[in-house]
Amino acid sequence: GWGRSLLGVRLCVSSFTFRFSVKTLLDRSCFETIDDSSPEFVNFVSILEHILSHRLKGQTTWFGYESPRSFWDYIKAACSKVAHNCIRSIESMENVRSSRAKGRAWIRVVLMEKRLSEYISFALRDFKTSRRFYEDGAIMLGEEAGLLADTLIGLNTIDFSFCLKGEGLDGSCPAVIDYTPYLKFTQSADSISSDEEEMRTLGSSGSESSSPDKTATAASIFTEQSNLVSKCKRFEQKYRMALEQKGYLEELVRLREAQLSEAVSHNKALQQSLADAHLSHTVEKEQLEYIILELQDQLKSFQSLEQLSADMSLSQTSLEPSHTLSKEETPSLRGLCGSLTSVASYKSLASLKSSECLASPATEISSPGITPS
């Protein structure tokens with residue numbers, strides 16, 4: 001019975017301190033940037049580490065001993081399927097070696113990414129992995145864990161800025177919680193989430209302590225004025241936060257517009273370069289086609305010249321024997337042609353010879369030394 005009651009008290013205290021740390025962190029973010037040096041952030045991280053490490057099971061070795069674990073081992077196993085998770089980048093960090101240091105680096109990275117609530121909610125939905133890493137009675141296995149994950153959604157409105165090489169990532173330094181801010185019951189005037197019940201309780205206690213009606217009326221008026229003043233201050237702080245968020249969103253819109261215009265100009269430049277490349281390609285293609293046609297014409301002319309030269313050489317070789325023969329027979333042919341041309345003279349010569357032959361017997365007869373037969 002005592003153990004369960006102490007466990008319930010511890011859960012209530014843990015949930016209260018966690019919510020209070022988130023509240024003080026939100027209040028501080030309205031006036032300054034949250035980094036590793038902010039005491040509110042140091043306290044918040046220490047409480048979150050204690051919650052994630054509460055009743056965490058040890059890792060059993062081959063010899064049956066249990067070595068202590070860090071909540072980073074649980075986060076790696078339960079959040080490995082989160083879309084676009086940062087677990088691999090945390091594991092590859094050179095300056096972060098111990099498991100506790102990697103867990104602290106993970107907290108800072110997901111806070112800057114505004115995804116801490118998403119990671120915790122995703123891990124809590126994997127109840128099998130949670131049961132494997134935590135013992136019975138752990139905060140991460142209780143009903144308060146879901147409420148704590150919902151409380152973390154408010155941190156998405158804060159723009160965190162951390163250095164992942166600082167002393168806050170030292171794994172040898174334990175997480176120490178400072179309960180001093182949570183033991184003070186005075187409500188800060190600059191708080192944007194002050195409780196109206198405290199003002200009403202103070203007003204009712206003041207009215208009961210005074211017996212006269214005037215004192216009660218004055219106390220109620222004072223309480224009402226105090227409530228109005230506190231409401232005005234809360235609205236003023238909310239207005240300031242809205243202005244800061246508006247300025248942040250406007251700056252983000254300007255940045256996106258500049259990126260969009262740059263992308264549009266780059267796209268136009270790429271389209272222009274593509275059009276120029278297409279034009280040059282078309283011109284080169286036409287030039288190459290013209291060169292190909294010229295080469296084809298030259299090839300045809302060369303082929304015709306080669307054919308003509310081959311025919312001429314063949315005809316020359318066939319004409320060479322007849323040419324030599326004509327040279328050898330030229331004198332006889334010339335004589336023959338000369339004789340044929342002088343047929344008339346040949347005839348006259350023949351007639352002359354015949355007349356001579358006819359005239360020769362008379363001369364022989366008339367010669368005194370020859371007697372006729």
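Which residues of helix α3 (residues 71–78) are buried? In this predicted model, local features need pLDDT of at least 70 and side-chain atom pairs count only at pLDDT 80 or more, while totals for chains, interfaces and linings use all residues. Residues are numbered from 1 along each chain as its sequence is written, and side-chain values use heavy atoms, with hydrogens and water left out.

The buried residues of α3 are Phe71, Trp72, Tyr74, Ile75 and Ala78. Buried means under 20% relative accessible area, exposed over 50%, and partly exposed in between, with a 1.4 Å probe and protein chains only. Helices are DSSP runs of H or I with at least four residues, numbered from the N terminus. Viewed down the α3 axis, the buried residues fall within an arc of 155°, so they line one face of the helix; the arc is that of the directions from the helix axis to the C-beta atoms. Their cover includes α2 (39–53), α4 (87–91), α5, α6 and α7 (127–133), where contact means heavy atoms within 4.5 Å.

Two of these covering helices also meet each other. The axes of α5 (residues 99–112) and α6 (residues 116–125) come within 7 Å and cross at roughly 120°. That makes α5 oblique to α6, since angles under 35 degrees count as roughly parallel, over 145 as roughly antiparallel, 65 to 115 as roughly perpendicular and the rest as oblique. Axes are lines fitted to C-alpha atoms, for helices over the stretch in contact, and angles run from 0 to 180 degrees between N-to-C directions. Trp106, Val110 and Leu111 in α5 meet Leu116, Tyr119 and Ile120 in α6.

Methods
Helix = DSSP H or I, 4+ residues; strand = E, 2+ residues; numbered from the N terminus.
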